[in-house]
Amino acid sequence: MDFDLSEEQRLLKESIDGLLTDSYDFEQRKKYMKEKGGWSKAVWGKLAEQGLLGLPFAEADGGFGGGGVETMIVMEALGKALVLEPYLATVVIGGGFLRHAGSDAQKAAHLPGIIDGSKTLAFAQLEKNSRYDLFDVTTTAKKKGDGWVIDGEKFVVLNGENAETLVVTTRTKGDRRDKTGIGVFLVPANAKGVSKKGYPTQDGLHAADITFTGVEVGSDAAIGNPEDGLALIERVVDEARVALCAEAVGLMDESLKTTVEYIKTRKQFGVAIGSFQSLQHRASDMFVAAEQARSMSMFATMANDFEDAKERSNAIAAAKVQIGKSLKFVGQQAIQLHGGIGMTMEAKIGHYFKRLTMIENTFGDTEYHQRRVADAGGLV
Amino acid sequence: MDLAFTKEEQAFREEVRQFFRDNVPPDTRRKLVEGRHLSKDEMVTWWRILNKKGWGVSHWPKQYGGTGWTSVQHYIFNEELQSYPAPQPLAFGVSMVGPVIYTFGNEEQKKQYLPRIANVDDWWCQGFSEPGSGSDLASLKTKAERKGDKWIINGQKTWTTLAQHADMIFCLCRTDPSAKKQMGISFIVFSMKSKGVTVRPIQTIDGGHEVNEVFFDDVEVPIENLIGEENKGWDYAKFLLGNERTGIARVGVSKERLRRIRDLAGKVESGGKPIIQDAAFREKLAACEIELKALELTQLRVVADEGKHGKGKPNPASSVLKIKGSEIQQTTTELLMEVIGPFAAPYDVHGDDGSNEAMDWTAQIAPSYFNNRKVSIYGGSNEIQRNIIAKAVLGL
């Protein structure tokens, strides 16, 4: 049992923290938001230069063979700096599908562009009524000759506006909530019949609602078994949840730090408000919540490698519950302790709060995962 | 980073578990599961079994009878002990006064006290809190005056746990009334059988008798019963309180109780079916289990850190363990109350002597709920723990 980072992992952490300290303060972030697409190509390029976009991929595929802990380190750092760039969508999720089930040809076609930063991906999964159930899919992929024809609508596709390639979940067989008959396809964003409506999200990222109308793709577009893709989707989404847990830990760390600094300097009644016990206790409770979240983020990172898929999912669901509860408490109290200034767009704390809030509602909220753990028979 | 236990650690866990299976008296285990009080004999019998095995004072240095286990082994041992469950070693002797004596005591004191602590030949109790000194412990007033080759002790202690069984007490006494409050305190040990010691029971809201008031009226104590230096007692008290870091979370205790809740919830009916089939209840139970898992991981992080970087000074992370550990213990007793519903009400007098044997097990659930309100108060209330985090971690 060991919770320390290895020498290489420590270096990785130093290098990404260093990069973001130099190029990602709150003022710089505001500029990046105004760039085309809502994030910085230059920063993305730097992430590529440091090898971070190739981190989780096998060395044979041009990557660096990093594991869960490496992704955790990166996501925590991205959270801390409130990074806008589409690491989750491109490297963790899109890349995750390719890592777990991509054919050699698919890897050859997509990984070099991901790793050198020239291409980004987006995961078109959410539907109007699917909410958090990954198997609830109505977008259809129907066989046509050798290939497939995709029809349907996907919503809140993160990075959907910018991505060159979309990873789309579809129903190839059966009814809306069947657990079999689900396929995953790689679709070029500029394919005929793809129409996108992009918009900024509450937390300053960008997403799109995407309609697929008779979109034709070849037989080589399917990742894995096109009629039995749910296990793959669950696997990759579990990894995304783990990554979000780590990002949230970074966001909570920074929120707590910023809040403590604020109450040490803000004066009322002639003294720093941090000298008041009610505020000290609130800050202490934020610390407890953040530490519990960090523990579960680590647990989820390790659980990623559990061989038993049920055990893995249950552990990650549990982590998402803890992170959801902690982030709500830390986020809300960070605003409360900042007082009026915390309500303004001008202060950075509100932006952390908004990103934390959106994380809770991504890939299953606290209630959803709590129910999953309960139905799986608990965790003791 | 690697969360897995090694093969050796897993084998150690199995060894510990097997020893408990073979050696914990079944009645003792059953009483613990049902939340009953144990008699003095039952506890001492078990501790001597443990001591004979060489595990009675496992965390002491080897030369005083410790095991030389790693931090992880201690963690495993405690977890198995708590979740089997078997009675935990008497903290006042094994975790509190023992380490003070082998760290600050002289050779004579080590020889005289340590083996008797390990074998519970002496039952120790703790003389810290006073009626006017709870969270503000350093304001204590019990005084020890030097008179020839004796200390003359006068004053009152309170919340003295299981003093009714005790042979010995370790006591914080004011020896220099003119010094600043933390500076004039000494750490003195003496026999509870001394003339002038009176023990008066305090009945707690669960109806039980765990704690006592202890009065000292011109108690004469040999001068050599001072541990360490005169007027340095506050340092030893801080050492003592900071020594016990990871056990306070009582993860094993909560685990055992959660298993019991699951078990009972499968039997007790609500709406014509077992309560466990009620989605709302199941989710509440899962929520508690998740909190506990997070706490277990937090505890492991502290354990791993100790293993790597040594125990050093008290780690403020122990405050996190205390706060969350006590909250979760309290939640588990609330869940038991929820399971038992209207049958929480019947009352039966229960003592520490096992005389409540015939009583239905349900009658222990409400008392256990009442009794567990103490866990967020004792050992530095949760409010004090928040002060510690604010000061030591956040720099407020």
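Q: Two residues are in contact if their C-beta atoms, placed from the backbone, lie within 7 Å. By that rule, which residues does Leu297(B) touch?
A: Leaving out residues up to four places away in sequence, Leu297(B) touches Ser295(A), Met296(A), Met298(A) and Phe299(A). Before going on: this is a predicted model, where local features need pLDDT of at least 70 and side-chain atom pairs count only at pLDDT 80 or more, while totals for chains, interfaces and linings use all residues. Residues are numbered from 1 along each chain as its sequence is written, and chains are lettered from A and ligands numbered from 1 in the order in which they are written.

Q: Where is Leu297(B) in chain B?
A: Look in helix α9 (residues 279–309) of chain B. Helices here are DSSP runs of H or I with at least four residues, strands are runs of E with at least two, and both are numbered from the N terminus. The C-alpha atom of Leu297(B) is 9.2 Å from that of Leu3(B), though the two residues are 294 apart along the chain.

Q: What makes up the side of chain B that touches chain A?
A: On the count of contacts, 37 residues of chain B meet 32 residues of chain A. α8 (251–265), α9, α10 (317–340) and α12 (382–393) of chain B each give at least two residues to the chain B side, and α9(B) gives the most, with 16 residues. That side has 22 nonpolar, two polar and 13 charged residues. Nonpolar means Ala, Val, Leu, Ile, Met, Phe, Trp, Tyr, Cys and Pro, charged means Asp, Glu, Lys and Arg, and the others, Gly among them, are polar.

Q: How do you know whether chain B agrees with a compact globule?
A: For 396 residues the rule gives a value near 21 Å, and chain B has 22 Å, so chain B agrees. Along its principal axes, the C-alpha trace of chain B spans about 75 × 50 × 50 Å. Buried residues are 44% of the chain's 396, and chain B has twelve helices and ten strands.

Q: What makes a nonpolar core, and which residues of the largest one touch the most other members?
A: A core is a set of buried Ala, Val, Leu, Ile, Met, Phe, Trp, Tyr and Cys residues joined through C-beta atoms within 7 Å. The largest has 210 residues, and Phe185(A), Cys245(A), Ala248(A), Ala283(A), Met296(A), Trp124(B) and Ile188(B) touch the most other members. Helix α7 (residues 230–265) of chain A gives this core its largest share, 18 residues. Beyond four places away in sequence, Cys245(A) touches residues including Met296(A), Ala300(A) and Ile323(A).

Q: How is chain A divided into domains?
A: The bounds come from an automatic or database domain assignment: domain 1 (7–118), domain 2 (122–228) and domain 3 (231–375) of chain A. The C-alpha centres of domains 1 and 2 of chain A lie 23 Å apart. Their contact takes 16 residues from domain 1 of chain A and 18 from domain 2 of chain A.

Methods:
A residue is buried if 20 or more other C-beta atoms lie within 10 Å of its own, exposed if 12 or fewer, and partly exposed in between; C-beta atoms are placed from the backbone. The radius of gyration is taken over C-alpha atoms; the globule rule is 2.2 Å times the number of residues to the power 0.38.
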